[in-house]
Amino acid sequence: MVEKALFQFCGNTRKYIGQAVFINCIRLLANILFSFMFASVLSYFILNKYIFDLKLSFGLILLSLIVRQVCIRLASQKNSLVIHEVKHNLRKAIYEKVLSMGTLYQEKLTTQEIVHLGVEGVEQLENYFGAYLTQFYYSFISTFILFLVIAPINIWVAVVLLVLAPMIPLFLLLILKIVKGVQKKYWSKYADVGNLFLDSLQGLTTLKVFKADGYRAKELDEMAEGFRKETMKVLSMQLNSIMIIDWIAYGGAAAGVIVALNQFVTGNISDYQLIAIFLLIADFFVPMRTLTALFHIAMTGVTASEKMLEFLNESEDVEYGEEVYEKNSDIVIRDMDYFYQDGTHALKNLNMKFLSGEMTALVGPSGCGKSTLASVIASEYRQPKNSIYYGSKEVFSLAKGEISKNIIRITHDGHIFQGTVRSNLILGNDKATEKEMIEVLEKVSLWEVFSKLDGLDTEVLSQGKNLSGGQAQRLSLARALLHDAQVYIFDEATSNIDVESEEVIIKIIEEISKKKTVIYISHRLQSVVNADNIYVLKKGEIVESGKHDELMKLKGHYESLFSRQEELESYRKRGGLDE
Ligand code: ADP
């Protein structure tokens, strides 16, 4: 009923919950004082018995009411602190975990799932920490305090109440397993609907183009209906258990009243004590009943947190060394295999060399493993041990962050962030001067565009939506150039762009390859003819390697791919594909 594992990510939560419980106990003491004083006043007016001084009784009643109000306020302040602490620390923990895992987090969860956990998941824990936990501890302590108060008056009443009140949490414990099972299904349906909705929203234009929006809407409808049914199951389970708890609570209170009456009849307690016990009985069961109401809401959060904990506790099982990346060093791959999480054997027994100051090309049919290899080299995927060497250093002997600092993979859809040209460039190198930024923009032939607008302060929209595809790609390249990495991997970086941009980018790639290690991936073989070395991949294996002329002479896989593309190209030039 208490998920201790969550505490480690929640900062000072424990302290604030302790304080809230303490404040609630003071409120309970005020309630007890109120009950005795009120009983004393009633005794005076109904039975004409004088227990405590009337003025003192009224004074203490007033004092207890004031203390009660103050305590309620203070406890709610503490609960707000708990909520703040939990939300802040959990979101920070998730964020830091994502950062520390780098792109590896994608192996565990999709970006949508991470967003869902960080927003909805954390939100759901608000009730668990902010209300349920305080109530949980308070319920038990209050039962004990009330027992200590009633026991000196009459031990039988106290014992009966002490035995019956914990029946409520015991019952909750009994149904915890069922509750968790139902909540788990509910939460997973909730996440599924959310993910599908987000995915549909992002791909709405595509859905409209293919007129598939109706079909997707039907799919969403079905999923939402499934979610509704799960919600109903959760609600009916909650109502049923609350009903049972009510029976226990009211039954327990009734049992307490009966025993107290019996003790009164046999003369073991006075009429004043009987009234006081009647008033106190409510306090025995109210906290437990509140606990039940909170229990169900809180368990939704706990179920949500299971995935979160799994992710936060995910061991990165990567031990980094201390070494720094050697400048101008070659990359050597020895007997490397790579498997995706689902078991796909994407790369098989690779032995390769990527020399510094040269351009090495990777070619092969779609799906042969080019991007996978590029991502493994750039450490975006979990790297196999003792297979990849940067200079003389095995990958795991390098210090954390060395690879991402020195190797850049540029894809055809490098993300452009909402902001300005400057804010995007600064991501590449936060120490870059204005002069350097302008120089690099000139290099990628973008300065003539931006200088006519607001220069470096020209606004750009997320994903470069107010730029052409080629301009966005050139801006992404400019940012990469500013980073001044050791290795540049161009992964289909010239796909889907205009000829003018393609020419600019290819010229820059050739220039960089004279000084740095360049790995060039392109499905257009015409653009790799000048590469210093070409690896031909097929189904994750290297089938050929060498320079363009050597590979052509082999009349093997490369030659056949190249000739087919040539044919297609000349067919297109003759206008065949334009028709
Ligand atoms: P290429 O870049 O040569 O077109 P990829 O490297 O993208 O090929 O893919 C290589 C193989 O790995 C393909 O069979 C593809 O289906 C598979 N693959 C790619 N990404 C994943 C993934 N995240 N999980 C499982 N298999 C994948």
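**View 1. Helices H6 and H9 cross in a right-handed sense.** This model is predicted. Helix H6 packs against helix H9, which spans residues 271-312. Their axes lie 9 Å apart, at an angle of about 30°. Angles under 35 degrees count as roughly parallel, so H6 is roughly parallel to H9.

**View 2. Helices H4 and H6 pack against each other.** H4 covers residues 111-150, and H6 covers residues 167-202. The angle between them is about 160°, and their axes are 10 Å apart. An angle over 145 degrees counts as roughly antiparallel. H4 and H6 are therefore roughly antiparallel to each other. H4 passes H6 in a right-handed crossing.

**View 3. Tyr-340, Gly-367 and Ser-371 place N or O atoms by the ligand.** Tyr-340 uses its side chain: an N or O atom there is 3.2 Å from a nitrogen atom of the ligand. Gly-367 uses its backbone, with an N or O atom 2.7 Å from a ligand oxygen atom. Taken alone, the ligand exposes 560 Å². The protein buries 59% of that area.

Methods
Residues are numbered from 1 along each chain as its sequence is written. This is a predicted model: local features need pLDDT of at least 70, side-chain atom pairs count only at pLDDT 80 or more; totals for chains, interfaces and linings use all residues. Side-chain values use heavy atoms; hydrogens and water are left out. A polar contact is a pair of N or O atoms within 3.5 Å; within protein, one must be able to donate a hydrogen and the other to accept it, and residues adjacent in sequence count only if both atoms are side-chain atoms. Accessible areas come from the Shrake-Rupley method with a 1.4 Å probe; for residues, only the protein chains shown count as cover. Axes are lines fitted to C-alpha atoms, for helices over the stretch in contact, and angles run from 0 to 180 degrees between N-to-C directions. Helices (H or I, at least four residues) and strands (E, at least two) are DSSP runs, numbered from the N terminus. Angles under 35 degrees count as roughly parallel, over 145 as roughly antiparallel, 65 to 115 as roughly perpendicular and the rest as oblique. A crossing is left-handed if the near helix is turned anticlockwise from the far one by less than a right angle, and right-handed if clockwise.
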